[in-house]
Amino acid sequence: GSQKSGQNLPPTRTNRNTYKFFASRSSSVTQQSLNCSPQNSPFGVPDLGHPDLIKKPLKMRSFEKFKIWVLLICLLFELGYGFYLPGSYPHKYGVGDLLNVKVNSLTSIDTELPYSYYSLPFCQPQEGVKDSAENLGELLMGDRIENSPYRFKMYTNETEIFMCQTKPLSGEEFKLLKKRIDEMYQVNLILDNLPAIRYTRKAGYFLRWTGYPVGIKVQDAYYVFNHLKFTVLVHKYEETNVPRVMGTGDGAEVISTVGKDGSEEPGYMVVGFEVVPCSVQHAPDSAKNLKMYNKYPTPIKCDPTTVAMAIKENEPVSFTYEVNFVESDIKWPSRWDAYLKMEGAKVHWFSILNSLMVITFLAGIVLVIFLRTVRRDLTRYEELDKEAQAQMNEELSGWKLVVSDVFRAPSNPALLCAMAGDGVQILGMGVVTIMFAALGFMSPASRGTLITGMLFFYMILGVGAGYVAVRLWRTIFCGDHKGWISVSWKAACFFPGIAFLILTTLNFLLWGSHSTGAIPFSLFVVLILLWFCISVPLTLVGGYLGAKAPHIEYPVRTNQIPREIPPQKYPSWLLVLGAGTLPFGTLFIELFFIMSSLWMGRVYYVFGFLLIVMILLVVVCAEVSLVLTYMHLCVEDWKWWWKSFFASGSVAIYIFLYSVNYLIFDLKSLSGPVSATLYLGYSLFMVLAIMLVTGTVGFLSSFWFVHFLFSSVKLD
């Protein structure tokens, strides 16, 4: 990445001055560091033995340190201007340079099963089909990027370019083409990392689509789009007439951008890629003697409103294209704006406002609980008459009666510890990934980086999962080290094991359908190695740190004989299940945009909104679980551990029901049991992760609340 940026980004006056400043600073530091000692440090630590520095007051020296930090921040900020965050760098093309178009998997919102582009009888490149280098995230998402026979020359308009004429369609090829047209499959082309975009007009509005359909069915006939009209938007490369430094860590080379004749070399960057598909009838005889990239003998009129090339069994199909270059005012950093035009910003803000209202309501309840607790505690020290004391004791007859049972170990403590550890791990992964995505490091321009980043952060944060699980285990059993290795293993294998089981089952379905969405066997081996060679050892390291850390001591003692819980007017689990509606209310609007991105082929990029919604969700889950735990304690129900977990974790049930609703009412066209099974399987995987995250937040907040409640009140 750094090599590319050095090659393509022009140096500015600011960057050159910054470089001079940095070079002068580093050289002075090098000279000073020859006599470096604990009292004379070049890195901002003052030499207390120097007579000039002794006279300076402490505030003056602090101000100098502050100035150094400001200079360093400014330096980083200025250097940041020389790079683009979205993950790809501008590529300068000279007039006549070759532009190669790539093809991605065929996709459909009707089946959600991606297939290889060359699974259909399309033209193949002369040099043969070659796979592009793909990262882990692209392979997991089902992307298969390959070369294509479409190629252009920069700023050279071409019309009626012949591609190829297929062999007469066999019965199987004819049926497959009809099936893909019925299932509304889209062809996805890529030029200079930009997907081909298609504009259609409907009811006075322009609609944007990525890719174009394989064909269309009109009455009982099937038509294929065999002529493509490309429009490539280019922007003139803006560069000052100065030498450009290009190099690696071993050396650098100064290359001038001025041509041999003294004039600046013209160059262009691709800032847009549009396609208009047409169905054009080609005479089979006129294409017999033509070779690829020859000019078609008769004029071709591309009219997207009419179709003419009907496919028939035992008849060939001819493919042609034309390309037109248009100079645009769109600058290179803004070229993704056409794909990422935000619609519905008011809806996002409405979702956040709705969440804030719920949080304020719950915060008021929590505040009342804390004020009552503090007031009761303070009245112990006030002089009251007997009548007032009797009244106070009557008021305190609820949660204070379970003082000897409130910290009794829950049922299945190892499972609770493992789930809490996994919840912390997934929450940390989500927060860090969304923060990086909101800063632009995981933009849609960098395909697969979002999934790759999530896997990386999940593995690294295995340390946190092991630490939380083992420390909670030792707290439950009052500091006993026994069994911490078993708890660490359970934390390392609980969520990944269930996820592996779900994904393996779905992968067999994809393999059976010959879809590119199926994970290759070699990638399966890589994922298992990442799990057992990186994630599990890091979780065990976190467990070891948790075993060495001091456990949290309980403020009260637990009796050997458990207290009987009085009969309740209504089942406590009913209240727990109902509590999930409040966190769901803060999430469901943003959930619609996420589901549309996953299943409708839309690009989701408003990670700033998502980060805000996630923070609000964490706050709501903590407040809901805290309030319900207090309510259970007030009715002398001391079995709060699992109930606090599922009070906020029950939001997962409502998200799964919403997913089923989305399948029935929004994905009406989803066809086939395989597609529906895939959808429900992936939804179940997502819901499990959300349940662990929200449940862990609720449980840890309730644990802190109960610990605070019984440690702040004086007990007889």
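## Disulfides

The link between Cys278 and Cys302 is right-handed, with 65 degrees about the S-S bond. Cys278 lies in strand E16 (residues 267-278) and Cys302 in the loop between E16 and strand E17 (318-327), so the pair ties together parts that are 24 residues apart in sequence. Strands here are DSSP runs of E, at least two residues, and helices are runs of H or I, at least four residues, both numbered from the N terminus. The sulfur atoms of Cys278 and Cys302 are 1.8 Å apart, and a disulfide is a pair of cysteine sulfur atoms within 2.5 Å. Keep in mind that this is a predicted model: local features need pLDDT of at least 70, side-chain atom pairs count only at pLDDT 80 or more, and totals for chains, interfaces and linings use all residues. Residues are numbered from 1 along each chain as its sequence is written, and side-chain values use heavy atoms, with hydrogens and water left out.

In total, the structure holds 2 disulfides. The other pair is Cys123 with Cys164, sulfur atoms 1.9 Å apart. Its torsion about the S-S bond is about -90 degrees, so the Cys123 and Cys164 disulfide is left-handed. Cys123 lies in the loop between strand E2 (98-103) and helix H5 (136-140) and Cys164 in strand E4 (residues 158-165), so this pair ties together parts 41 residues apart in sequence.

Cys278 is buried, at a relative accessible area of 1%, and Cys302 is buried at 17%. Buried means under 20% relative accessible area, exposed over 50%, and partly exposed in between (1.4 Å probe, protein chains only). Cys123 and Cys164 are buried too. Elsewhere, Cys417 counts as buried at 0% relative accessibility, while Cys478 counts as exposed at 56%.

## Aromatic rings

There are 47 aromatic pairs, counting rings of Phe, Tyr and Trp (its six-membered ring) with centres within 6.5 Å; planes under 30 degrees apart are stacked, over 60 edge-to-face and the rest tilted. Trp640 and Trp641 have ring centres 4.5 Å apart and planes at 20 degrees, so the pair is stacked. Trp640 is buried at 1% relative accessibility, and Trp641 at 2%. Phe500, Phe508, Trp511, Phe524, Trp531 and Phe532 form one aromatic cluster.

## Helix H18

Within H18 (residues 651-665), the buried residues are Val651, Ala652, Ile655, Tyr658, Ser659, Tyr662 and Leu663. They cover an arc of only 145 degrees around the axis, which puts them on the same side of H18; the arc is that of the directions from the helix axis to the C-beta atoms. The face turned away from that buried side carries exposed Ile664 and Phe665.

Definitions and conventions: The expected span of a helix is 1.5 Å times one less than its number of residues.
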